[in-house]
Amino acid sequence: MRWIWIDRFVEFKPGVSATAVKNVSLAEEHLHDHWEDFPMMPASLIIEGMAQTAGMLVGQARDFQEKVILAKISKAELPEPVLPGDQLRYHAEITTITDQAASTHGTVFKNDREIGTIDLMFSHIDQNLQGMKFPEENFVFTGQFLRLLAGFDLKPPPAGAASSGPDRPGQAPEAPAK
Amino acid sequence: MPMPQEEVLDKVRETLVDALGVDEEEVTPEATLTGDLGAESIDFLDIVFRLEKAFSIKIPPGDLFPDNILNNPQFVENGKLTQAGLATLKQSMPHVDFSEFQADPDVNRMPELFKVQTIVNYVQNKVNG
């Protein structure tokens with residue numbers, strides 16, 4: 001199993017915001033135990049999905065040269081369950097980014113309806129103040145994550161312009177409307 | 001017109017409630033960020049980010065909280081700040097009250113230096129010049 005909790009990006013504005021979707025399926029094994037009688041997407045994995053969306057956004061803003069690690073869940077409000085058959089949409093915006101860290105604001109949608117907020121902080125761990133050393137290769141942004149951005153124009157866009165999704169035959173570039 | 005201390009304190013309190021998930025009543029001027037309010041290292045960056053937005057100010061790295069004193073062997077000896085370390089810290093951080101700390105400048109006591117009032121002092125200097 002691959003530790004990827006987003007299916008695809010549908011929008012990516014370098015240094016500004018990103019939107020990814022995740023389709024929840026009963027075929028996913030974790031739902032069988034969570035819970036057997038009432039399968040629902042664990043909130044922790046919804047947070048992970050937002051962290052992957054926002055983490056890619058933060059990583060790309062420094063051209064994937066930094067190792068971006070989730071450091072703090074500043075806020076997570078998810079007041080209703082997400083069930084098999086639902087589509088999650090994660091929209092993340094960078095609120096602050098510096099050499100050391102970044103903070104993001106995230107909105108969670110279920111079937112195109114806003115259901116929650118997830119605000120996160122990420123550390124650029126090579127810039128930590130304790131001077132700790134980490135392996136040289138970037139173990140955060142591996143090929144399987146970078147492939148999610150294939151087809152996006154990742155050059156910083158002119159102010160106000162969005163980088164649209166890649167052309168995929170048979171797939172709409174945006175999350176399907178309900 | 002200068003921003004009154006009470007207004008600065010209110011906004012700092014709001015910032016710390018959001019950043020640290022503490023109750024408003026806990027954020028007194030004398031509360032220490034780590035000991036009383038439970039701040040961890042990443043929270044210090046979070047606090048800086050939020051203060052910049054709340055007060056529309058720019059806080060350079062190491063300006064509000066120290067960022068390289070402990071890594072310098074000239075500034076730390078046997079777990080205590082040297083005279084040079086203490087002097088550097090005092091010079092770079094006029095918003096911090098060192099009166100109790102300097103009698104025993106044990107590096108383990110450094111977190112006690114950073115109180116809610118420390119942030120209020122810093123922001124006041126920054127917004128009021």
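Which residue forms a salt bridge with D104(B), and how far apart are the closest N and O atoms? In this predicted model, the partner of D104(B) is R109(B), and the closest N and O atoms of the pair are 3.9 Å apart. D104(B) itself is partly exposed, its relative accessible area being 28%.

## Salt bridges

Over all chains, the count of salt bridges comes to 17. Side chains of opposite charge can pair when their charged atoms come close. Besides the pair of D104(B) and R109(B), chain B holds a salt bridge between the side chains of D10(B) and R13(B), with 3.3 Å from N to O. Both of these residues belong to helix α1 of chain B, which spans residues 5-20, and they are three residues apart, about one turn of the helix. D10(B) is partly exposed, with a relative accessible area of 40%, whereas R13(B), at 18%, is buried.

A further salt bridge is formed by D43(B) and K72(A), whose closest N and O atoms are 2.6 Å apart. Because D43(B) lies in helix α2 of chain B and K72(A) in strand β3 of chain A, the pair joins two chains. Both D43(B) and K72(A) are buried. The two residues also belong to a network of salt bridges that links K72(A), D43(B), D46(B) and R50(B).

## The interface of chain B and chain A

Between the two chains, 10 residues of chain B are in contact with 13 residues of chain A. The area buried between chain B and chain A is about 1,000 Å², and carbon and sulfur atoms give 60% of that area. On the side of chain B, the residues that lose the most area to chain A are I42(B), L45(B) and F49(B), which together account for 49% of what that side buries.

Two salt bridges are found across this interface, together with four residue pairs in polar contact, both residues of each pair being at pLDDT 80 or more. Helix α2 of chain B, residues 41-55, supplies the largest share of the side that touches chain A, namely seven residues. Sorted by class, that side of chain B has four nonpolar residues, one polar residue and five charged residues.

Chain A has three helices and six strands, and from the N terminus on its elements follow the order β-β-α-α-β-β-β-β-α. Of its 178 residues, 48% count as buried. Among the contacts in chain A between residues at least 6 apart in sequence, 70% join residues that are at least 24 apart.

T96(A) is found in strand β4 of chain A, residues 87-97, and is buried, with a relative accessible area of 10%. When neighbours within four places in sequence are left aside, T96(A) is in contact with A101(A), A102(A) and S103(A) of chain A, and with F49(B) and K53(B) of chain B.

V82(A) is placed in the loop between β3 (68-77) and β4 of chain A, and is buried, with a relative accessible area of 0%. Leaving aside neighbours within four places in sequence, the residues in contact with V82(A) are V24(A), M40(A), M41(A), I46(A), L88(A), K110(A) and I115(A). The C-alpha atoms of V82(A) and F122(A), which are 40 residues apart along the chain, are separated by 25 Å.

## The two domains of chain B

Chain B is divided into domain 1, made up of 1-65 + 114-129, and domain 2, made up of 68-110. The centres of the two domains, taken over C-alpha atoms, are separated by 21 Å. Nine residues of domain 1 are in contact with five residues of domain 2, and the two domains bury about 560 Å² between them, 59% of it on carbon and sulfur atoms. D63(B), F114(B) and T118(B) supply 54% of the area that domain 1 buries against domain 2, more than any other three residues.

Between domain 1 and domain 2 of chain B there are zero salt bridges, while two residue pairs are in polar contact, both at pLDDT 80 or more. The residues on the side of domain 1 that touches domain 2 divide into four nonpolar, four polar and one charged.

Methods:
Residues numbered from 1 in each chain as written. Chains lettered and ligands numbered in written order. Heavy atoms only, no water. Domains from an automatic or database assignment. Contact = heavy atoms within 4.5 Å. Buried area = accessible area lost by both parts, 1.4 Å probe. Salt bridge = Lys/Arg side-chain N within 4 Å of Asp/Glu carboxyl O. Polar contact = N/O pair within 3.5 Å; in protein donor to acceptor, adjacent residues only side chain to side chain. Nonpolar A, V, L, I, M, F, W, Y, C, P; charged D, E, K, R; others polar. Helix = DSSP H or I, 4+ residues; strand = E, 2+ residues; numbered from the N terminus. Buried < 20%, exposed > 50% of the residue type's maximum accessible area, 1.4 Å probe, protein only.
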